[in-house]
Amino acid sequence: MAKNSSKKVKAPSGPAINIGISEKDRLAIAGGLSRLLADTYTLYLTTHNFHWNVTGPMFNTLHAMFMAQYTELWTAVDPIAERIRSLGSPAPGSYAQFGALASIKDAPAKPPKAMEMVKILVDGHESVARTARSIFPLADAAGDEPTADLLTQRLTVHEQTAWMLRSLLED
């Protein structure tokens with residue numbers, strides 16, 4: 001486990017932060033969470049896009065499923081951004097920032113067929129899970145239990161959603 005600094009660290013514009021996590025660790029974790037926020041928001045936009053544009057024989061099922069998924073993703077962005085703020089960093093919030101930070105591609109300009117949408121969302125959820133998992137060692141080493149808890153919750157959602165979507169792709 002990383003040694004936590006007991007010194008107060010002055011935030012860029014505000015009072016000193018002394019939560020038991022060094023400035024170096026807080027910045028590294030916040031950087032990882034910024035990537036997670038960008039991935040989550042990008043996946044939210046793609047899922048909402050697919051909800052609007054899905055067609056075909058599975059329309060009702062996918063339309064409802066995508067709505068449940070984008071609603072969950074929308075609900076997830078706030079706790080991620082607020083954890084970044086709790087660590088003393090600004091949360092990214094522009095399309096330009098998200099585009100630079102995200103590991104997920106933007107939704108295709110032309111809506112794909114329904115099962116291609118499902119494949120894209122599987123890839124997206126798996127990518128977000130990888131991003132979350134990559135931050136976990138940083139949070140664990142710093143003794144950052146709130147971030148570790150947030151990451152565990154996000155991993156559970158993304159792995160389960162990817163599994164459910166993959167199930168639709170089986171013959």
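Reader: How does α1 pass α2?
Author: The crossing of α1 with α2 is left-handed, a term used when the near helix is turned anticlockwise from the far one by less than a right angle, clockwise being right-handed. Please keep in mind that this is a predicted model, in which local features need pLDDT of at least 70 and side-chain atom pairs count only at pLDDT 80 or more, while totals for chains, interfaces and linings use all residues. Residues are numbered from 1 along each chain as its sequence is written, and side-chain values use heavy atoms, with hydrogens and water left out.

Reader: ok, and at what angle do α1 and α2 pack?
Author: Helix α1 (residues 23-53) and helix α2 (residues 59-86) pack at about 160°, with their axes 8 Å apart. Helices here are DSSP runs (H or I, at least four residues) numbered from the N terminus, and axes are lines fitted to C-alpha atoms over the stretch in contact, with angles from 0 to 180 degrees between N-to-C directions. The angle makes α1 roughly antiparallel to α2 (over 145 degrees; under 35 would be roughly parallel, 65 to 115 roughly perpendicular and the rest oblique).

Reader: Is Thr 47 buried or exposed?
Author: Thr 47, which lies in α1, is buried, with a relative accessible area of 0% (buried is under 20%, exposed over 50%, partly exposed in between, with a 1.4 Å probe and protein chains only).

Reader: and what does Thr 47 contact?
Author: Leaving aside neighbours within four places in sequence, Thr 47 is in contact with Phe 66, Gln 69, Tyr 70, Leu 73 and Leu 121, where contact means heavy atoms within 4.5 Å. The Thr 47 side chain also reaches the backbone oxygen of Leu 43 at 2.7 Å.

Reader: Switching topic, how do the axes of α2 and α4 cross?
Author: They cross at roughly 25° and come within 12 Å, and α2 and α4 are therefore roughly parallel to each other. Among the residues that meet there are Phe 66, Gln 69 and Leu 73 in α2, and Leu 121 and His 125 in α4.

Reader: What about Ser 127, where is it found?
Author: Ser 127 is found in α4 (residues 114-142) and counts as buried, at 8% relative accessibility. Its side chain is joined to that of Ser 103 by a polar contact of 2.8 Å, meaning N or O atoms within 3.5 Å, where within protein one must be able to donate a hydrogen and the other to accept it, and residues adjacent in sequence count only if both atoms are side-chain atoms.

Note on methods:
Helices (H or I, at least four residues) and strands (E, at least two) are DSSP runs, numbered from the N terminus.
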